[in-house]
Amino acid sequence: MDLRKKLRTRRYITVFFLTTAIFVLGLVIGGYNTEKKLNSITALQEELKTHTLDVEMQYNLLAQDPCGFVNVTALTDELYDISLKLDYMENVLGSDSSDVIQLKQYYFLLELRHWLFLKKVNKECGRNDTLVLYFYSNQGDCSQCEQQGFILSYLRKIYPNLYVYSFDINLKSNALDIIKRKYKVVKAPFIILNEVPYIGFKAKDELQTLLNTTHLNNAKKPSR
């Protein structure tokens with residue numbers, strides 16, 4: 001074998017070993033990042049469980065004297081914080097993950113409890129909070145659900161007495177099934193604003209008009 005062939009053979013062998021080393025290194029780094037991400041998700045799951053139990057206990061305490069604790073801003077912010085963490089988990093693990101589904105089911109029950117609590121406060125304590133139940137779908141069959149969610153999030157920031165509760169219309173839940181049957185929720189997007197159902201997408205201006213009208217009507221009601 002002449003010198004050029006020897007050099008060419010050595011070059012091929014060197015390239016082969018370098019390529020193999022890079023590939024193995026990539027697998028090691030990928031495995032480490034995957035394990036790190038899974039550990040992060042596990043920690044987040046435990047944090048969410050503790051957080052939701054804390055919120056549930058707050059409901060039990062508030063229910064003892066609803067009119068004495070009408071400022072539920074902190075509790076509402078906690079629910080919103082839980083929803084952001086759930087969104088992150090859903091993006092990482094996927095909407096079909098059993099862990100995500102279980103936590104979403106429990107979170108939706110917390111939302112319904114918060115909704116029922118504020119309905120009671122409105123009735124017994126003379127408040128006029130505006131309560132919205134929003135049903136969405138993330139299975140690719142609702143092209144306007146994401147936009148509707150953005151609009152409601154925006155309005156939530158500019159209307160201090162507006163409370164928005166979002167629910168996955170496809171999630172199995174006996175409690176949610178009762179709500180869906182009562183208000184005839186069959187397709188997303190679907191909004192229930194202070195007991196009044198609205199089918200289909202609602203633009204920002206249209207929703208603002210409905211909110212302003214609802215606020216004026218509530219303000220006319222005599223306080224107890």
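Guide: A residue counts as exposed when its relative accessible area is over 50%, as buried when that area is under 20%, and as partly exposed in between. With a relative accessible area of 55%, Asp 205 is therefore exposed. The model is a predicted one, and the values that follow are computed from it.

Side chains of opposite charge can pair when their charged atoms come close. The structure holds 6 salt bridges. One of them joins Asp 205 to Lys 204, with an N to O distance of 3.7 Å. Lys 204 is partly exposed, because its relative accessible area is 33%.

A second pair consists of Asp 129 and Arg 127, whose closest N and O atoms are 2.9 Å apart. Here Asp 129 has a relative accessibility of 4% and so counts as buried, whereas Arg 127, at 27%, is partly exposed.

Glu 195 has a phi near 80 degrees, a positive value in a residue other than glycine. Asn 194 is placed in the loop between β3 and β4 (196-199), and its phi is likewise positive, near 50 degrees, in a residue other than glycine. Asn 194 is partly exposed, because its relative accessible area is 21%.

On the helical side of the pair, α3 (residues 98-125) packs with α5 (residues 174-183) at an angle of about 55 degrees, their axes being 10 Å apart. Because of this angle, α3 is oblique to α5. Helix α3 contributes Phe 108, Leu 109, Leu 112 and Trp 115 to the contact, and α5 contributes Ala 175, Leu 176, Ile 179 and Tyr 183. These residues divide into 8 nonpolar, no polar and no charged.

The loop between α5 and β3 (190-193) contains Pro 189. A cis peptide bond, with omega about 0 degrees, joins Ala 188 to Pro 189.

How values were computed
Residues are numbered from 1 along each chain as its sequence is written. This is a predicted model: local features need pLDDT of at least 70, side-chain atom pairs count only at pLDDT 80 or more; totals for chains, interfaces and linings use all residues. Side-chain values use heavy atoms; hydrogens and water are left out. Axes are lines fitted to C-alpha atoms, for helices over the stretch in contact, and angles run from 0 to 180 degrees between N-to-C directions. Helices (H or I, at least four residues) and strands (E, at least two) are DSSP runs, numbered from the N terminus. Angles under 35 degrees count as roughly parallel, over 145 as roughly antiparallel, 65 to 115 as roughly perpendicular and the rest as oblique. Contact means heavy atoms within 4.5 Å. Ala, Val, Leu, Ile, Met, Phe, Trp, Tyr, Cys and Pro count as nonpolar, Asp, Glu, Lys and Arg as charged, and the others, Gly among them, as polar. Buried means under 20% relative accessible area, exposed over 50%, partly exposed in between (1.4 Å probe, protein chains only). A salt bridge is a side-chain nitrogen of Lys or Arg within 4 Å of a carboxyl oxygen of Asp or Glu.
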